[in-house]
Amino acid sequence: MTTLMKDPGETSVAKLLSTLTTTLHPTTYVFATIADGAALPPLAEIQLLFRESEGITVITSKEYATTNNMEYFFPCKMITLNVTSSLEAVGFMAVLATRLATANMGVNPVSGFYHDHLFVPLGREDEAVEMLGQVAEEKRQEAARTH
């Protein structure tokens, strides 16, 4: 018998933001698309798969894509948000994406079951980490003033 899993995540945006830390991963990732029915990369090489009507989007390392002659787009770095947000948390990703947008930085967020991940343009990853840290610090100071 299957059962509904317990939500391991936090729903309070204020708490998520005030406890936010990040991990910047060293791998350079890229987005590619694979036609339905085409061979997929080995699971160990896949960061994300998502089926769309036009094909299967895959996020993989730039190294894998280059070695396997895959056309790709958006070389980027992945930043993991080291808080466990609920999949039902409202506004958490919007706050972070909006802050990065103030620096004219596109971001591609992906929500996993335990963590959210941001794919940011290659070369802007340090700036993104710094900005995310500023958001967290602002929320920590705000929380300290209200307690």
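Accessible areas here come from the Shrake-Rupley method with a 1.4 Å probe, and for residues only the protein chains shown count as cover. What you have open is a predicted model, in which local features need pLDDT of at least 70 and side-chain atom pairs count only at pLDDT 80 or more, while totals for chains, interfaces and linings use all residues. Residues are numbered from 1 along each chain as its sequence is written, and side-chain values use heavy atoms, with hydrogens and water left out.

**The whole chain**

Show the protein as a cartoon and follow its 4 helices and 6 strands, where helices (H or I, at least four residues) and strands (E, at least two) are DSSP runs numbered from the N terminus. In that direction the elements run α-β-β-β-α-β-α-β-β-α, and the C-alpha atoms fill a box of roughly 55 × 50 × 25 Å along the principal axes. Of the 147 residues, 36% count as buried; buried means under 20% relative accessible area, exposed means over 50%, and partly exposed lies in between (1.4 Å probe, protein chains only). Among contacts (heavy atoms within 4.5 Å) between residues at least 6 apart in sequence, 72% join residues at least 24 apart.

**The core**

Next, select Leu20, Leu81, Phe92, Leu96, Leu100, Leu118 and Val120, the residues with the most contacts inside the largest nonpolar core, which has 20 residues. A nonpolar core is a set of buried Ala, Val, Leu, Ile, Met, Phe, Trp, Tyr and Cys residues joined through side-chain atoms within 4.5 Å. At least two residues of this core come from each of H1, strand E4 (73-81), helix H3 (92-101), E6 and helix H4 (125-146), and H4 gives the most, with 5 residues. If you then centre the view on Val120 and set aside residues up to four places away in sequence, you will find that Val120 touches several residues, among them Phe74, Ile79, Leu100, Met105 and Ala128.

**Aromatic rings**

Now display the aromatic side chains, for which a search of the whole structure finds 4 pairs. Rings of Phe, Tyr and Trp (its six-membered ring) pair if their centres lie within 6.5 Å, and planes under 30 degrees apart count as stacked, over 60 as edge-to-face and the rest as tilted. Select Phe31 and Phe119, whose ring centres are 5.9 Å apart and whose planes stand at 85°, so this pair is edge-to-face. Because Phe31 lies in strand E1 (residues 22-34) and Phe119 in strand E6 (residues 116-121), the pair ties together parts that are 88 residues apart in sequence.

**A patch on the surface**

Move on to Phe113 and Tyr114, where the ring centres are 4.9 Å apart and the planes at 90°, so that this pair too is edge-to-face. Phe113 counts as partly exposed at 33% relative accessibility, as does Tyr114 at 45%. Together with Met5 and Leu87, Phe113 and Tyr114 make a nonpolar surface patch of about 440 Å². Patches are made of residues with over 30% relative accessible area and no salt bridge, with like charges joined within 9 Å and nonpolar side chains (Val, Leu, Ile, Met, Phe, Trp, Tyr) within 5 Å. Met5 sits in the segment before helix H1 (13-18) and is exposed, with a relative accessible area of 57%.

**Salt bridges**

Finally, colour the charged side chains, among which there are 6 salt bridges, each being a side-chain nitrogen of Lys or Arg within 4 Å of a carboxyl oxygen of Asp or Glu. Select Asp36 and Arg51, whose closest N and O atoms are 2.6 Å apart; Asp36 is in the loop between E1 and strand E2 (46-52), and Arg51 is in strand E2, 15 residues apart. Asp36 is partly exposed at 49% relative accessibility, whereas Arg51 is exposed, with a relative accessible area of 57%. Then turn to Glu138 and Arg99, a salt bridge with its closest N and O atoms 2.6 Å apart, which links helix H4 to helix H3 across 39 residues of sequence. The last stop is Arg124 and Glu127, whose side chains meet in a salt bridge (3.0 Å, N to O).
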